[in-house]
Every structure is written in structure tokens, then in C-alpha cells.
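Let's walk through this model together, starting with its core and then turning to a pair of helices. Please have the structure open as you read.

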Amino acid sequence: MVWLVAAAAVPRWSQPAVPHSAARSADVVMDGARPLGFSLSRLIQDEEQQPRVPSAAVPRSTLSYRVRDALLDAMEQPYTIWSEPGSDRPLRANLDLLVFRGRTLARQGDQKGALATYRRCVAIDPRDGRGWLALARLSERDGRVDEAIDLLKRGLKHEPANAHVLQAYGAIEERRGHGDEAMRLYTRALQSDPTHAASWIALSLSLQQRRDYGGAWRCLRLASMAEPRSYYVWQ
């Protein structure tokens with residue numbers, strides 16, 4: 001699940017411009033008092049040198065409309081949970097179905113039902129970040145920003161390297177005016193998954209605010225290589 005909307009919604013010039021020299025001095029992103037081990041420029045250079053597989057060659061899993069309709073028609077709880085023999089995690093299809101149901105209920109205005117569904121997601125598999133992301137989005141939409149951040153932090157405790165959750169957390173910090181913290185989170189996301197286009201786009205917007213247009217352009221280029229069909233890359 002990609003929180004591209006959150007990243008793309010960050011105002012491009014919402015913060016005072018930072019001198020170019022300051023942007024360079026902030027290249028080494030810190031994790032508390034510990035350096036993460038490489039600079040943003042090194043991250044970008046490394047990824048530009050990596051061979052790319054066309055996105056069309058990467059299989060994408062989608063639910064059939066028949067399965068989705070059956071799920072919505074049944075409206076049964078508790079749902080049957082499928083898992084592989086010997087695995088400590090349920091099949092991803094469980095979360096696919098529940099997340100789709102939660103989105104549908106939210107669009108229909110049934111926030112109570114959506115919340116219950118997303119809570120079931122994190123109860124079934126807390127390592128799958130989609131439930132945490134959805135709960136955080138609903139909390140922030142209702143003005144409970146601190147609660148949204150707490151939900152994302154809880155998700156990261158279960159899966160610290162989840163690029164989707166890290167990028168979403170960074171997007172919230174960006175909207176709160178904490179640009180340096182946002183960049184640190186975007187960098188962590190890209191360390192975890194260098195093909196996460198949403199984090200490249202968010203990092204590009206942050207660099208634009210610092211007037212590092214060269215770095216911002218390179219981030220967008222890497223985003224387009226990761227997701228060439230993404231609307232948010234080309235807007």
C-alpha cells in the first residue's frame with residue numbers, strides 16, 4: 001500500500017527556503033545521535049547505478065471482482081483466516097480482502113465499520129503495515145495527529161523496515177513542519193526498499209524546499225524508474 005497521496009499533498013514551498021550550503025550540510029541523515037551510515041547523495045548515486053527491471057515484468061496481485069463482491073455481500077464476522085501450513089503468518093489474501101472491505105466502508109461513510117475492519121487487520125497480522133496505515137489516515141483525517149503518529153510507531157515496532165509506514169510517517173512530519181525528521185524517515189524507507197517510488201517523490205519535494213533542485217530531479221528520475229506509470233511522478 002503506497003501513501004503517495006500523503007507525499008504528494010505536501011506543499012512544495014510551505015517552508016522557508018534553506019540555503020544550498022545548509023542542504024549539503026544536512027546530507028548525512030541522523031538517526032538520533034547515530035549516523036545512518038551514508039549520505040543522501042550516496043544513496044541516490046548507488047540507486048542510479050543499479051540495473052532496473054521493467055515494471056511490466058513484475059507481477060502484480062489483484063483481487064477478482066467476483067471475490068470482492070462475494071466479500072461485501074457476505075458481511076460476515078469473524079472471517080475465515082487462511083494460512084500456509086507451518087507459517088506463523090496468515091496468507092496475504094486475508095489482508096487484501098479486509099483492506100478492500102475497510103476502504104469500501106469508509107467510502108460509504110461507515111467509519112465505525114471501517115475502523116473495526118482495520119483493527120481486525122492489525123490483530124490478524126500486525127507485521128502487515130496496511131492496517132496501521134489505514135488507521136493512521138483515519139485518525140489524521142479527524143484531526144488526531146498525535147494518535148496517527150502513535151499508530152505508525154506501533155506498526156514500525158512490528159516491522160521496523162516497512163517502507164510504506166516510514167514514508168507515511170515522514171509525510172505527517174512534513175506537514176507538521178518537521179522537514180529534517182521527514183527526510184530522515186524517507187531515507188530510512190529507501191534504505192529498506194530502494195524501489196519505493198513514494199519515498200523518492202517525497203524526498204524530491206523535501207529537496208525542492210531546500211532549493212537542491214539537482215538532487216530533487218535525480219530523486220524523481222529514480223522514482224520514474226521504479227514506477228514509470230505512476231501519476232505522481234509526472235504531475
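**A helix pair and the core**

H7 passes H9 in a left-handed crossing, meaning that the near helix is turned anticlockwise from the far one by less than a right angle. Keep in mind that this is a predicted model, in which local features need pLDDT of at least 70, side-chain atom pairs count only at pLDDT 80 or more, and totals for chains, interfaces and linings use all residues. Residues are numbered from 1 along each chain as its sequence is written, and side-chain values use heavy atoms, leaving out hydrogens and water.

The axes of H7 and H9 (lines fitted to C-alpha atoms over the stretch in contact, with angles from 0 to 180 degrees between N-to-C directions) come within 9 Å and cross at roughly 15°. The two helices are therefore roughly parallel, a term for angles under 35 degrees. Gly129, Leu133 and Glu140 of H7 meet His164, Val165, Ala168, Ile172 and Arg175 of H9, where contact means heavy atoms within 4.5 Å.

Of its 29 residues, Tyr118, Cys121, Leu135, Leu152 and Tyr169 touch the most other members. Helices giving two or more residues to this core include H6 (111-124) and H7 (129-141), helices being DSSP runs of H or I with at least four residues, numbered from the N terminus.

Cys121 lies in helix H6 and is buried, with a relative accessible area of 1%; buried means under 20% with a 1.4 Å probe, counting protein chains only. Leaving aside residues up to four places away in sequence, Cys121 touches Leu95, Leu98, Val99 and Gly131.

How values were computed:
Core = buried A, V, L, I, M, F, W, Y, C linked by side-chain atoms within 4.5 Å. Buried < 20%, exposed > 50% of the residue type's maximum accessible area, 1.4 Å probe, protein only. Parallel < 35°, antiparallel > 145°, perpendicular 65-115°, else oblique.
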